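Please examine the sequence and the structure shown below. A short report on the packing and confidence of the model is then given.

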Amino acid sequence: MTEAFGWGALGASALLVGALIAYLLSPTRGVIAVVMALGTGLLIGSVSFELVDEALKYQAVAWVALLVLGGAAVFTVGDWLLERRGGGERKDATGAQAEGSPLAIVLGSVLDGIPESFVLGLTVLQGGVSISLLAAVALSNLPEGMSSSSGLKEAGWPRGRVLLMWSAVVLVSAVAAAAGYAMLDPASGRTGALVQSFAAGALLAMLADTLLPEAYAVEGVLTGPLVVTGFAVSLALSAV
């Protein structure tokens with residue numbers, strides 16, 4: 001469990017790196033969007049190869065499909081509730097966060113980090129952390145930290161406050177990774193296939209709701225090739 005906690009913290013620490021880049025280097029929205037699209041493709045690949053494919057080895061297709069839908073539904077409801085409370089623009093790089101609720105923005109960022117970290121913890125049970133998934137998590141968190149922090153900077157948030165927010169998200173992500181490991185501990189006698197399916201659905205919904213719209217808003221039709229490139233990299237890494 002300690003190992004899973006550490007990997008979860010490592011993957012989420014890219015949020016802090018992204019925040020520092022945003023405050024110190026002021027990256028363009030184009031750069032952020034490219035990295036965001038690549039990270040989306042990597043995560044889609046990880047969902048396919050690390051979660052759904054593994055779940056289908058132990059459960060019927062109908063059960064896997066049902067739990068994927070369930071995970072997506074739970075994430076969507078949580079995202080919808082936070083959006084109504086002022087957290088809907090948490091990824092915006094232009095400063096739209098100024099009109100939102102600080103607490104909702106923080107909680108929204110926590111919500112985004114839970115599915116991927118939970119899944120990262122699951123892979124530790126399979127003999128070691130998945131390198132392809134770890135790379136996908138880090139590469140999706142980096143532009144998230146850059147984009148959100150750029151917007152928070154424009155909205156007037158001081159750097160220390162933003163770093164404190166991301167530190168809290170890193171901690172929650174590490175706990176989520178440890179929980180993913182603990183809930184599927186072989187000693188508990190539980191099967192991981194259904195939880196993997198549920199997490200896959202939540203992760204796909206997060207990508208569709210938060211990363212892809214921001215990437216497409218900047219890159220337009222180039223978003224598709226960038227996402228596919230990330231997917232191809234994930235495929236290559238999964239074979240290592």
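**Basis and confidence**

The model is predicted: local features need pLDDT of at least 70, side-chain atom pairs count only at pLDDT 80 or more, and totals for chains, interfaces and linings use all residues. Residues are numbered from 1 along each chain as its sequence is written, and side-chain values use heavy atoms, with hydrogens and water left out. The pLDDT is the predictor's confidence in each residue, from 0 to 100. Its average over the chain is 83, and 93% of the residues score at least 70. Helices are DSSP runs (H or I, at least four residues) numbered from the N terminus, and strands are runs of E of at least two residues. Confidence is highest in helix H2 (residues 14–25), with a mean of 90, and lowest in H5, with a mean of 78. Residues 186–190 have a pLDDT below 50, and this stretch has three contacts in the model beyond near neighbours in sequence; contact means heavy atoms within 4.5 Å.

**Nonpolar cores**

A nonpolar core is a set of buried Ala, Val, Leu, Ile, Met, Phe, Trp, Tyr and Cys residues joined through side-chain atoms within 4.5 Å. Buried means under 20% relative accessible area, exposed over 50%, and partly exposed in between (1.4 Å probe, protein chains only). The largest core comprises 33 residues, and those with the most contacts inside it are Leu43, Leu51, Phe75, Val119, Leu133, Leu203 and Met206. At least two residues come from each of helix H3 (29–55), H4, H5, helix H6 (131–154), H8 and helix H9 (223–238). The greatest contribution is that of H8, with nine residues. Another core, of 13 residues, lies apart from it and includes Ala12, Val110, Trp157 and Met165.

Beyond its neighbours within four places in sequence, Leu51 touches Ser46, Val119, Leu122, Gln196 and Ala200. In H4, the buried residues are Val64, Leu67, Val68, Gly71, Phe75, Gly78, Asp79, Leu82 and Gly87. Their cover includes H3, H5 and H8.

**Second largest pocket**

On a 1 Å grid over the protein atoms alone, a cavity is a set of points where a 1.4 Å probe fits but cannot get out, whereas a pocket is an open set with protein on both sides within 12 Å along at least five of seven lines; lining residues have an atom within 4 Å of a point. The second largest pocket is lined by Gly71, Val74, Phe75, Leu111, Ile114, Pro115, Phe118, Met183, Val195, Phe198, Ala199 and Ala202. Two or more of these lining residues come from each of helix H4 (61–87), helix H5 (102–124) and helix H8 (193–219).

**Individual residues**

The following table sets out the accessibility of three residues.

| Residue | Relative accessibility | Class |
|---|---|---|
| Thr223 | 5% | buried |
| Ser26 | 45% | partly exposed |
| Lys153 | 31% | partly exposed |

Thr223 belongs to helix H9. Leaving aside neighbours within four places in sequence, Thr223 is in contact with Ala37, Leu212, Ala215 and Tyr216.

Ser26 occupies the loop between H2 and H3, and its phi is near 50°, a positive value in a residue other than glycine. Lys153 is located in helix H6. Although Lys153 and Ser26 are 127 residues apart in sequence, their C-alpha atoms are 9.6 Å apart in space. With neighbours within four places in sequence set aside, Lys153 contacts Ala22, Tyr23 and Ser26.
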